[in-house]
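User: I would like a close look at one part of this predicted model. Please keep it brisk.

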Amino acid sequence: MMLSGLTQVREGTTDLLVPEGHSKKGPGTKTGEIFYNRQMEFGRDVSVMFGRVAFKEGQAILDGLAATGARGLRLANECGVRADFQLNDRDLRAAVLMKQNAELNSLGHVKVHCRDLNSLLAEQHFDYIDIDPFGTPVDFVDAAVQSCKNDGVVAITATDTAPLYGGYPKTCLRRYGSLSARSPFAHETGLRILVGFVVREAAKHDRAAEPLLCFHADHYFRINVRIRNGAARADAAIKKLGYAAFDRSSLRREITEDRNDPKDAGPLWCGQLIARDVVKQMAASGDLGTSGRCAKILEAWRDEAGMPPLFYCMDELARKTKLSPPKLVDFISYLEEKGAKASRTHFDPKGFKTDIAAKEVVQRYKSFAASLRKKRLKSNV
Ligand SMILES: C[S@@+](CC[C@H](N)C(=O)[O-])C[C@H]1O[C@@H](n2cnc3c(N)ncnc32)[C@H](O)[C@@H]1O
């Protein structure tokens, strides 16, 4: 098959032939062409950083919905691991293009499949399975958590953010068996709903899904979970599911074991989203096209790893107290000076996480903002 209308681009150290009119549509959009979105380069850079830490020699690594092969070929080319890399897409034109792209990068050993992903997953086991669909990943999660070898990793993108953010709670309930809700921290509850869904899908098969690196960026969620065998481990993971309650007037947010209000978001994952030892080892090397952004997000992930769920936003505090917000870094330092744990969060440039209750957060915001106002007035006199 001869493919026409292609142009060559470079991501990291990998060359890719992609459709000429690429990236005209938003992320995760079906256009009839072989899919390629340059805006997702950052997400692929993160996959490369993650693969450099997680992959081991000889593993079976699958890019299950590969399109041009951009992610899978970059993993094969840039992670420095000799492994059994495989790419799959049910679109024959995509399979032809990814073969061409493999040859372009002297990666002739990479296997290319042109299969329905679920049927491929039913036949083979992999150490790493990447699922990067148009919109929701729900069609593939059950097959992926079964096909993944013990101690392997399943990586999933979800671009159906509107239902997960709380815009369409009924759609979220149908897809993920979980109710979403709007709130200032809805990006975090959306991600936690997705993780909770994967945890429940794995638990059906006596397997635990343990988050290694789960994040929100641009208009998508991305999760990397380790799959481990054992009913006891699966039970322990299920125990970390709960609900997120939010009271708009007091700003109180709380993780609860049961749903106390019909509007509470959940069930959702209440445990850690980021494993500190993983993000500590990841490096934003200069060969990555978005290395500057990667370095910044690594710093934010390292800061917030281990912090409690449900971040605050400076804007909601400013609205509630009618006091204009201080600089985020200054307020975080102030909270720390007063004995609280506090950090930035990657979810929101104006967001922060802390271990103190909402009432105290509001009080400390008021006293800090008021002291700044006093200082300003004094300096104006
Ligand atoms: C969003 S694109 C993948 C993008 C790619 N991972 C990248 O980084 O550029 C989704 C791909 O999944 C393929 N696809 C959709 N359903 C599939 C299925 N059931 N089995 C295999 N491939 C499928 C589509 O043909 C499309 O190429």
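Which residues of helix H13 (residues 328-337) are buried? Please go on to what surrounds the helix.

Analyst: This is a predicted model, so local features are described where pLDDT is at least 70. Start with the helix itself. H13 spans residues 328-337. Its buried residues are Leu 328, Phe 331, Ile 332, Tyr 334 and Leu 335. Viewed down the axis of H13, they fall within an arc of 160 degrees, so they line one face of the helix.

Now the partners of that face. Just after H13 comes Gly 339, with a positive phi of about 100 degrees.

S14 and S15 belong to an open sheet of 3 strands. The order is S13-S15-S14, and the pairing is antiparallel. Strands S13 (312-313) and S14 stand at the edges, each with a single partner strand, so one side of each has no neighbour in the sheet. S13 and S15 are joined by 2 bridges and run antiparallel. Across this pair, Cys 313 stands opposite Gly 351 of S15.

Helix H11 (residues 291-304) lies across S14 and S15. H11 runs at about 160 degrees to S14.

Definitions and conventions:
Residues are numbered from 1 along each chain as its sequence is written. This is a predicted model: local features need pLDDT of at least 70, side-chain atom pairs count only at pLDDT 80 or more; totals for chains, interfaces and linings use all residues. Side-chain values use heavy atoms; hydrogens and water are left out. Buried means under 20% relative accessible area, exposed over 50%, partly exposed in between (1.4 Å probe, protein chains only). Helices (H or I, at least four residues) and strands (E, at least two) are DSSP runs, numbered from the N terminus. The arc is that of the directions from the helix axis to the C-beta atoms. Two strands pair if DSSP finds at least two bridges between them. Contact means heavy atoms within 4.5 Å. Axes are lines fitted to C-alpha atoms, for helices over the stretch in contact, and angles run from 0 to 180 degrees between N-to-C directions.
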